[in-house]
Amino acid sequence: MDYDVIVIGAGAAGGIVACVLAEAGRRVLLLERGGDEPSGVSGRDHLRNQRLSIYGHNAGPELADHPRVAVTSDGRSWLVSPHELGYQNNAACVGGGTRVYGGMAWRFMPQDFRMASTYGVPEGSSLADWPIGYDDLEPFYERAEWEIGVAGSAGADKFAAPRKRPYPLPPVESNPERVVLERGAAALGLNTFPVPLLINTIPYNGRAACERCGMCVGFACPTDGKNGTQNTMIPRALGTGRCKLITGAMVQRIHTDERGHASGVSFFAGDKLQTCMAGAVVCSAGAIESARLLMNSATTSHPRGLGNDFDQVGRHLQGHIYTGAFGVMEEPVFDGLGPGVSIATTRFNHHNEGIVGGGLLANEFIKLPAIFVKWAMPPGMSRWGLAAKRYVKENFRRTIHVQGPIQDIPSADARVTIDPFVRDRWGIPVVRLSGTTHPESIRTADFLRRRAEEWLAASGTKRVWSYPPRLGLSGGQHQAGTCRMGDDPRASVTDSWGRVHGHSNLFVMDGSIHVTNGGFNPVLTIMALAFRNAIHLAETM
Amino acid sequence: MSGFTMTERQLGTLRAAADRIIPPDETCGAAEAGAVEFILRLLNGELPGERATYLEGLDGIDREANASYGRAFAELAAADQEAVLTAMEEDRVKTAWTISPRSFFQMLVEHVLEGFYADPGNGGNKDAASWKMIGYRAEGGTW
């Protein structure tokens, strides 16, 4: 055997899994299809980044090598490139999405693990409870917060579940937007607090504090003051001497024997196919690629793919429908200091009369000017001519954008399957993305955007607007749900430890195993689950 | 920059149209900030498929100017240039087009906005002119 464990994907979860196992004395092979320094990741191209990827992006995967097929609701399909709409991309590089995220660090609420019990199951949806609850994850949220580094104000969020330990870093400083929004929140009686962020507000873990440049979302931090797995867990893993990281490694399939036991994986390093054997295999490739890999690893005894005897792999794909509102103030409220996001409320995550779930609301990160002119101009305003130029000049610094993710109501038809025809550069069948989130999500989103409008109006804006949410497939950077965990092998893919049903040493550890995805950015939950399940694997193997 | 380029006349039309989309006032307009360079870079980079559309579209703008005012687009007064572009935006053109004038104009607006408001590294926001105008600084803070 070459390794004790092979971990596929060096992102939010994979980096943690590799580190926990290596520090527990296991020999780990960590495979990442992207690079350590993908082209453009240190760049500042406002049109080719993970926030605005019109002509390309900056953190992988390579545009030409990784096509997917997207399918519309009326059955038309087309080939999509990683930077295009419909691809549902997340970054592919060492650190994965944590390299280029904004770094909001939310704990889910207890109700988020019990959505079906709390609300009932909307007809046609696949809403379900998690097999574990908040209390199971609480110690691991704490580990994620301390070992990766979260800045926040413990106790300031009145709706948050109890925590045992405060945040390791003080919260981000206030800014003029927050002052204005606090005023509006006070008028409405809304509890608000500083957004918890995976950002060094002071030096931490041997790295300097954030310099507040504002290039957070979509870019790698120029001063390394943003915390991801690439600058915390992965270096620790490599430091043990027991973890080998191979970048540019595209996994073709997982090998299993006739009893379903995983024996290793085959992967392309460059264009050369290699096979490594291991005692256990962990898929941490993200909700879309982990599902793809399980299905592409079909055998004669599991013809639909590993863990897929009951046609569950790839279903319930969910990310977040985002909603919110824009408001324009009389006076400038933009100070240009990153991260910009500084105030949130979780009042609307639950307890909304007649609504299933809900979501957080927060002000936006520093907005790139190119994004402002595309998305933040008021409806009915021409985007060209002298009036448009003067509008941007006048209002870039006066516009507040309050938004948030709503808890998607999942649908079994929102899914990842394998396309019968299209293959990637290495000849591996690619995914086909089809279906939509359940329409109940739209009611929730519409509810939340009205709350965003009210908050802005109460804050003294002279004009407020928003757009109705649209139903579609959601996945992207918050992708989850495609290998949901559960106790019933007929209705889930893994048990609560991420172990694939029927395969004693094959695991999924990433957002794929989320049953539902909270009305929050999911990364801290992905990290907490990775800690919990990797520790369990280390203790039991 | 290699390969694709345009005639002087097409470049003149493009420059003039860019300045109607983001006109100069007390701060520079799109043309001075580098909109043409930005678009040529795209056509030589990620958008070779739009080259023919651009040539058709720019010739079309000029043809419309001639049909309405008897002169080249670049020679028209600003208000007349604006009228030509507005007619295209509203699909009220006077001459025969082989492409949709409205779609071409929308693409042109998008490209000019991108060039003008994106980072100077893209070639269309010389000396960060638009950022200075609105108060955005890539290093954090405001101008």
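Predicted model: local features only at pLDDT ≥ 70, side-chain atom pairs only at ≥ 80, totals over all residues.

Visitor: What makes the contact of H5(B) with H6(B), residue by residue?
Guide: H5(B) contributes B:Leu85, B:Met88 and B:Glu89, while B:Pro101, B:Arg102 and B:Phe105 come from H6(B). Sorted by class, that contact holds four nonpolar and two charged residues, with no polar ones. Leu, Met, Pro and Phe count as nonpolar, whereas Glu and Arg count as charged.

Visitor: Why is chain A called as compact as a globular protein of its length?
Guide: The globule rule gives 24 Å for 541 residues, and the radius of gyration of chain A is 22 Å, which is close to that value, so the description applies. The C-alpha trace of chain A spans about 70 × 55 × 45 Å along its principal axes, and the chain has 10 helices and 16 strands.

Visitor: What share of chain A is called buried, and by what test?
Guide: A residue is buried if 20 or more other C-beta atoms lie within 10 Å of its own, and 59% of the 541 residues in chain A are buried.

Visitor: Which residues make up the contact between the chains, by number and by class?
Guide: Chain A gives 29 residues and chain B gives 26 residues. On the side of chain A that touches chain B, H8(A) supplies the largest share, four residues, and this side divides into 14 nonpolar, six polar and nine charged residues.

Methods. Residues numbered from 1 in each chain as written. Chains lettered and ligands numbered in written order. Contact = placed C-beta atoms within 7 Å. Helix = DSSP H or I, 4+ residues; strand = E, 2+ residues; numbered from the N terminus. Rg over C-alpha atoms; globule rule 2.2 N^0.38 Å. Buried ≥ 20, exposed ≤ 12 C-beta atoms within 10 Å, placed from the backbone.
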